[in-house]
Amino acid sequence: MKVFVSADSSSLSIGAGEVADALAGEAQRRGLELDLVRTGSHGLFWLEPLIECERNGQRVAFGPVSPPDVPGILDALQTDDLAHPLNLGSVTALLESQGQQRINFKRCGFVDPVSWDDYLATGGTQGVRKALELGPEAVIDAVTRSGLRGRGGAGFPTGVKWRTTHNAAADMKYIVCNADEGDSGTFADRMLMEGDPLSLIEGMVIAGFAVGAVQGYIYLRSEYPHARRALQAAIDAAYDNGLLGNDVLGSGQRFDLEIRLGAGAYICGEETSLLESLEGKRGTVRFKPPLPAINGAFGKPTVVNNVITLATVPTILADGADSYAALGHGKSRGTLTVQLSGNIRRPGLYELPFGVTLGHLVETLGGGTASGRPARAVQVGGPLGAYFPVSLFDTPLDYESFAAREGMLGHGGVVVFDDTVDMAAQARFAMEFCAIESCGKCTPCRIGSTRGAEVIDRIRVGIERSANLALLEDLCDVMEHGSLCALGGLTPYPVRSALKHFPEDFGMSVGAAVATG
Ligand SMILES: Cc1cc2nc3c(=O)[nH]c(=O)nc-3n(C[C@H](O)[C@H](O)[C@H](O)COP(=O)(O)O)c2cc1C
Ligand code: SF4
């Protein structure tokens with residue numbers, strides 16, 4: 001019997017390893033032959049540890065499973081109706097019922113992440129083969145027509161970035177995958193690297209071919225040891241099977257790839273800081289221009305893209321730009337991998353076409369708060385993202401709709417808070433986070449954030465409240481306009497949104513004119 005159990009770090013953290021051991025032990029006791037496949041996670045975290053059992057070519061899922069449940073599940077598998085309280089039926093049907101459209105995560109949870117055979121059997125290498133057939137210009141055209149925008153935060157059009165590097169004349173160019181994933185409440189990059197690393201590798205090979213780069217680096221944070229192991233095993237499999245190396249799939253093209261580890265500073269996710277760190281220096285932000293696309297790693301033209309951005313490319317090539325562009329909302333095409341966490345009943349990864357509303361995500365898909373209390377605030381876009389109140393739950397998840405409401409989607413992290421949250425404390429936390437993570441290069445961010453935390457402290461205890469509110473607004477303005485990079489420049493977002501939507505938490509009456517914003 002074939003059984004699939006996730007070896008993704010989130011699943012392992014809540015006992016998937018123990019469940020896999022229990023399955024192997026119980027099968028041995030019963031003399032059952034068990035083919036145990038360790039997969040990535042489907043991202044249905046509230047159902048983890050989740051196991052899937054294959055019977056007559058069909059998979060049936062059970063979850064959340066703990067070791068004592070294992071004998072009962074094996075008993076149920078012996079029956080025709082598979083009756084068991086943890087029986088979830090088909091995962092595919094469950095994902096479809098939620099409106100998920102899995103492009104990036106279509107293999108995650110279904111395959112052995114580092115099995116070359118599984119990869120080929122599920123359409124792997126079709127994208128790169130198509131790319132090699134089309135040639136670099138047509139690949140860049142396809143990526144541009146697909147409407148793909150960088151998933152690392154800013155939503156910059158990927159085709160434009162690739163064309164810039166393609167057009168730069170140089171003896172050496174690089175593809176750098178930004179796998180630093182520093183935003184709070186985000187885990188899509190990690191899940192993809194643990195659950196389907198070959199799709200990222202294939203995306204990097206295509207990017208290299210398109211822009212004329214023969215060397216790639218995956219800049220990975222050291223806090224991701226499981227992802228590192230999966231990536232390394234996948235890189236080895238890609239070399240063994242000719243996806244990487246001197247003759248990519250017999251095309252005569254070369255592409256080499258290695259992992260570089262970062263120590264896990266938030267600022268090392270910023271692309272120029274990342275490049276400094278990649279080169280072995282301290283991770284501080286570089287002035288732009290020149291852009292990395294023209295003058296990046298080791299002074300050479302470099303494409304820096306997020307994990308999800310790169311992993312999307314094989315599907316765009318294999319299925320066609322139009323099919324990707326057909327999904328989405330406004331100028332945000334394709335799917336967004338939403339990572340839902342915080343105080344929420346059904347946390348996990350939801351891959352949805354852009355355009356689903358925040359309310360649908362939190363209330364319908366997420367099932368409301370885990371505490372059962374009313375939701376009060378949702379922070380979207382990591383530690384520098386704005387806090388949205390319930391009255392903004394009609395906002396569609398797309399880059400422009402969020403920007404129009406002074407928010408940002410960022411990497412798609414959505415963290416939910418119930419009505420016990422203290423929004424003044426959250427605003428203070430934003431300043432404190434900036435102070436701790438600042439690279440120190442410019443004053444508004446380095447000093448302003450520390451002063452910001454102090455000013456919020458004074459407001460919270462009622463010391464010269466209106467003067468301090470005016471001071472806070474002034475400080476936010478200086479940070480926004482005087483910072484060299486978005487760490488200092490975006491910290492006012494969570495602060496101002498907290499003040500604007502939750503003035504009562506700062507000792508102001510509801511509806512009072514808020515000094516900031
Ligand atoms: C403070 C800061 C932190 C960032 N952290 C990340 C990160 O962890 N991962 C990421 O992909 N992009 C991060 N970015 C965005 C990168 O600078 C860059 O825009 C991105 O990697 C480009 O890839 P994309 O075009 O695929 O989005 C960060 C930016 C800033 C300002
Ligand atoms: S804004 Fe902050 S993190 Fe960015 S360059 Fe200035 S000091 Fe460094």
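**Strands, a buried valine and confidence**

Mentor: Let's start with a pair you can find in the structure: Lys2 stands opposite Glu54 in β3. Keep in mind that this is a predicted model.

Trainee: What makes β1 and β3 a pair of strands?

Mentor: Pairing asks for at least two bridges between the strands. Here 4 bridges join β1 (residues 2-6) to β3 (residues 51-55), so the two strands count as paired. They run antiparallel.

Trainee: Which sheet do they belong to, and what is the strand order?

Mentor: The sheet is open, with 5 strands in the order β2-β1-β3-β4-β5 and mixed pairing. Its edge strands are β2 (35-39) and β5 (87-89). From one strand to the next, the twist averages 30°.

Trainee: Why are β2 and β5 called edge strands?

Mentor: Each of them pairs on one side only, so they are the edges of the sheet.

Trainee: Now for β6: how do you know which strands pair with it?

Mentor: Count the bridges again. There are 6 between β6 and β7 (residues 215-221), and 5 between β6 and β9 (residues 302-306). Both counts meet the requirement of at least two, so β6 pairs with β7 and with β9. The β6 and β7 strands run parallel, and so do β6 and β9. To see this residue by residue, look at Asn178 opposite Tyr219 in β7, and at Ile175, whose bridge partner in β9 is Val303.

Trainee: How many residues of β6 are buried?

Mentor: In β6 (residues 174-179), 6 of its 6 residues are buried, and the strand is mostly covered. Tyr174, Val176 and Asn178 point one way, while Ile175, Cys177 and Ala179 point the other way.

Trainee: What is the confidence of the prediction, and where is it under 50?

Mentor: The protein chain averages a pLDDT of 96, and 98% of the residues score at least 70. Over residues 513-517, pLDDT stays under 50. Where pLDDT is low, the predicted coordinates should not be read in detail.

Note on methods
Residues are numbered from 1 along each chain as its sequence is written. Chains are lettered from A and ligands numbered from 1 in the order in which they are written. This is a predicted model: local features need pLDDT of at least 70, side-chain atom pairs count only at pLDDT 80 or more; totals for chains, interfaces and linings use all residues. Side-chain values use heavy atoms; hydrogens and water are left out. Axes are lines fitted to C-alpha atoms, for helices over the stretch in contact, and angles run from 0 to 180 degrees between N-to-C directions. pLDDT is the predictor's confidence in each residue, from 0 to 100. Contact means heavy atoms within 4.5 Å. Buried means under 20% relative accessible area, exposed over 50%, partly exposed in between (1.4 Å probe, protein chains only).
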